[in-house]
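Open the model in your viewer and keep the sequence panel beside it. Each stop below gives a selection and then what is found there.

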Amino acid sequence: MTKSICGLIWAALILAGCSSNGGKQIAQANKPAPDWTEPTSTGGTLTLSSLRGKAVYLNFFATWCPPCKDEAPYINSLQKQYAARGLQVVGIDELENAKLAESFRRQFHLVYPAVVDSGTLQAQYLINGLPEHVFIGRDGVIRKIIAGEISRNEILRNVLSIL
């Protein structure tokens with residue numbers, strides 16, 4: 001091979017390595033959700049794998065996010081209404097701290113747990129805006145990922161689709 005072809009191959013390999021996600025799986029619809037272990041706002045830890053067999057709704061939020069505040073009471077009502085059918089909502093506070101996440105939970109009387117993401121889940125789910133909604137079936141497969149604020153009807157439709 002010529003030097004220029006070898007140089008191009010080498011550059012492509014370097015770029016491929018730089019664009020990787022540190023070996024972490026990127027979350028995609030119709031693929032198994034990548035497992036994680038994150039601290040909760042109350043001081044414990046939660047793993048996604050511990051929720052296997054449940055219909056899981058990951059709601060990425062931040063305490064400063066107006067649409068997140070608007071959605072929280074409705075999402076909480078769905079957790080209460082569908083818990084007996086196997087729904088587990090998990091709030092994922094993006095890039096804040098446990099104190100802020102717990103304050104948000106208390107402000108809205110949330111019955112579901114909140115985990116505090118320091119960036120791992122943000123990278124796995126390619127979060128670049130809030131809120132973000134991830135609906136995972138009982139089999140651990142992601143059914144849908146929706147970025148941005150969505151209507152109550154759309155939230156309900158997606159929750160019912162994973163139950």
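Select Glu102 first. Its relative accessible area is 12%, so Glu102 is buried; buried means under 20% relative accessible area, exposed over 50%, and partly exposed in between, with a 1.4 Å probe and protein chains only. Glu102 sits in helix H3. Helices (H or I, at least four residues) and strands (E, at least two) are DSSP runs, numbered from the N terminus. Show what surrounds the side chain: apart from neighbours within four places in sequence, Glu102 is in contact with Ser41 and Thr42. Contact means heavy atoms within 4.5 Å.

A note on the source: this is a predicted model, where local features need pLDDT of at least 70, side-chain atom pairs count only at pLDDT 80 or more, and totals for chains, interfaces and linings use all residues. Residues are numbered from 1 along each chain as its sequence is written, and side-chain values use heavy atoms, with hydrogens and water left out.

**The whole chain**

Zoom out and colour by secondary structure. The protein chain has 5 helices and 7 strands. Along the sequence they follow the pattern α-β-β-β-α-β-α-β-α-β-β-α. The chain has 163 residues, of which 45% count as buried. Among contacts in the chain with a separation of 6 or more, 68% join residues 24 or more positions apart.

**Thr63**

Now select Thr63, in the loop between S3 and H2. Buried or exposed? Thr63 counts as buried, because its relative accessibility is 17%. Beyond four places in sequence, Thr63 touches Lys69, Asp93, Glu96, Leu100, Ala101 and Phe104. Thr63 and Glu94 are 31 residues apart in sequence, and their C-alpha atoms are 8.8 Å apart.

**The disulfide**

Select Cys65 and Cys68. Their sulfur atoms are 2.4 Å apart and form a disulfide, here a pair of cysteine sulfur atoms within 2.5 Å. A search of the whole structure finds 1 disulfide. The link of Cys65 and Cys68 is right-handed, with 75° about the S-S bond. Both Cys65 and Cys68 are buried.

**Helix H2**

Look down the axis at Ala72. A kink of about 35° lies there, shortly before the proline Pro73. The bend at a residue is the angle between axes fitted to the seven residues ending there and the seven starting there.

Next, show the side chains. Buried residues of H2 include Tyr74, Ile75, Leu78 and Tyr82. Their cover includes strand S3 (55-61), strand S4 (87-94), helix H3 (98-107), strand S6 (132-136) and helix H5 (152-162).

**The nonpolar core**

Select Leu58, Phe60, Tyr125 and Ile136. These have the most contacts inside the largest nonpolar core, which has 43 residues. Two or more core residues come from each of S3, H2, S4, strand S5 (114-117), S6, strand S7 (142-147) and H5. Such a core is a set of buried Ala, Val, Leu, Ile, Met, Phe, Trp, Tyr and Cys residues joined through side-chain atoms within 4.5 Å. Centre on Ile136. Among its contacts beyond four places in sequence are Ala33, Leu48, Val56, Leu58, Tyr125 and Ile162.

**Asp117**

Move to Asp117, in strand S5. Asp117 counts as buried, because its relative accessibility is 0%. Its side chain reaches two backbone nitrogens: that of Gly119 at 2.9 Å and that of Gln122 at 2.8 Å. Contacts of Asp117 beyond four places in sequence include Glu38, Ile92, Asp93 and Leu95.

**Ser50**

Finish at Ser50, in the loop between strand S2 (45-47) and S3. With a relative accessible area of 46%, Ser50 is partly exposed. A polar atom of its side chain lies 2.7 Å from the backbone oxygen of Thr47.

Terms used:
Polar contact = N/O pair within 3.5 Å; in protein donor to acceptor, adjacent residues only side chain to side chain.
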